[in-house]
Amino acid sequence: VNGIPLIGQTHKEVVSVLKELPVQVYLVCCRIVPPSVHDSDEEANDDVCLSLKELLAEFNDKLDHGCVIPCPTAEDITKRGVPPMSPPLAMWEKEAQVVELEKGEFGLGFSILDYQDPEDASKTVLIIRSLVPGGVADQDGHLLPGDRLMFVNETDLEGSSLDYAVHVLKSTEYGPVRIGVAKPLP
């Protein structure tokens, strides 16, 4: 999912990865081809191999035409980390939109996560992960999961760590807070 290999992961590890995904997700799936009923095991194996060959040929044809995103190999991941996918995982508008929220005792009503920058694998971007149902951001309606967090009040968060961004958000005083976000491109 989104270039992250899940083969060999436990259910708990997979669920953890899935919970951290942005709004747009790319999945690469496979199914076990059910064996067909035949008189002998040899005939069944030939049929399954032929089906898999056809399936791989179709997959490779789609890969050649850019319809399928290649999954990184274990060697790729070991040597270079998970490579950015092509097309990019997510892209955002260049200009930030300003959303003003009124912070109260229950905070601003959204959570954030850091996400690998699709333009530079050595960097991360900060993304609105979720909105608290009925919270300030949810009621306002201008912030959405998948928006990229750019600044809070006068503090630029582009290129900052998740910990620093959380600190900035939590340390803002009650009252109006200016949140700069870049919206995802369609």
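User: How many salt bridges does the count come to by this rule?

Analyst: In this predicted model, the count comes to four salt bridges, among them the pairs of E20 with R129, K183 with D147, and R178 with E154.

User: What makes E20 and R129 a salt bridge?

Analyst: The closest N and O atoms of E20 and R129 are 3.4 Å apart, and the cut-off asks for a side-chain nitrogen of Lys or Arg within 4 Å of a carboxyl oxygen of Asp or Glu, so the pair qualifies. The two residues belong to distant parts of the chain, with E20 in the loop between α1 (11–19) and α2 (41–64) and R129 in strand β3 (residues 124–131), 109 residues apart.

User: Why are E20 and R129 called partly exposed?

Analyst: E20 has a relative accessible area of 36% and R129 has 33% relative accessibility; since buried means under 20% and exposed means over 50%, both values fall in between, and therefore both residues count as partly exposed.

User: How do you know whether D147 and K183 are buried or exposed?

Analyst: D147 has a relative accessible area of 1% and K183 has 14% relative accessibility; because buried means under 20%, both residues count as buried. Leaving aside its neighbours within four places in sequence, D147 is in contact with several residues, including W92, H142, V181 and P184.

User: How do you know on which side of α5 the buried residues lie?

Analyst: The buried residues of helix α5 (residues 162–171) are A165, V168 and L169, and they cover an arc of only 95° around the axis, which puts them on the same side of α5. An α-helix has 3.6 residues a turn, so residues three or four places apart point the same way. The face turned away from that buried side carries the exposed residues D163, H167 and K170, while the buried residues pack against β1 (97–103), β2 (110–116), β3, β4, β5 and β6.

User: What makes up the largest nonpolar core, and which elements give two or more residues to this core?

Analyst: The largest nonpolar core has 19 residues, and those with the most contacts inside it are L101, F110, L143, L149, V152, L169 and I179. The elements that give two or more residues to this core are β1, β2, β3, β4, α5 and β6. Apart from it lies another core, of eight residues, among them V125, I127, M150 and F151.

Note on methods: Residues are numbered from 1 along each chain as its sequence is written. This is a predicted model: local features need pLDDT of at least 70, side-chain atom pairs count only at pLDDT 80 or more; totals for chains, interfaces and linings use all residues. Side-chain values use heavy atoms; hydrogens and water are left out. Buried means under 20% relative accessible area, exposed over 50%, partly exposed in between (1.4 Å probe, protein chains only). Contact means heavy atoms within 4.5 Å. Helices (H or I, at least four residues) and strands (E, at least two) are DSSP runs, numbered from the N terminus. The arc is that of the directions from the helix axis to the C-beta atoms. A nonpolar core is a set of buried Ala, Val, Leu, Ile, Met, Phe, Trp, Tyr and Cys residues joined through side-chain atoms within 4.5 Å.
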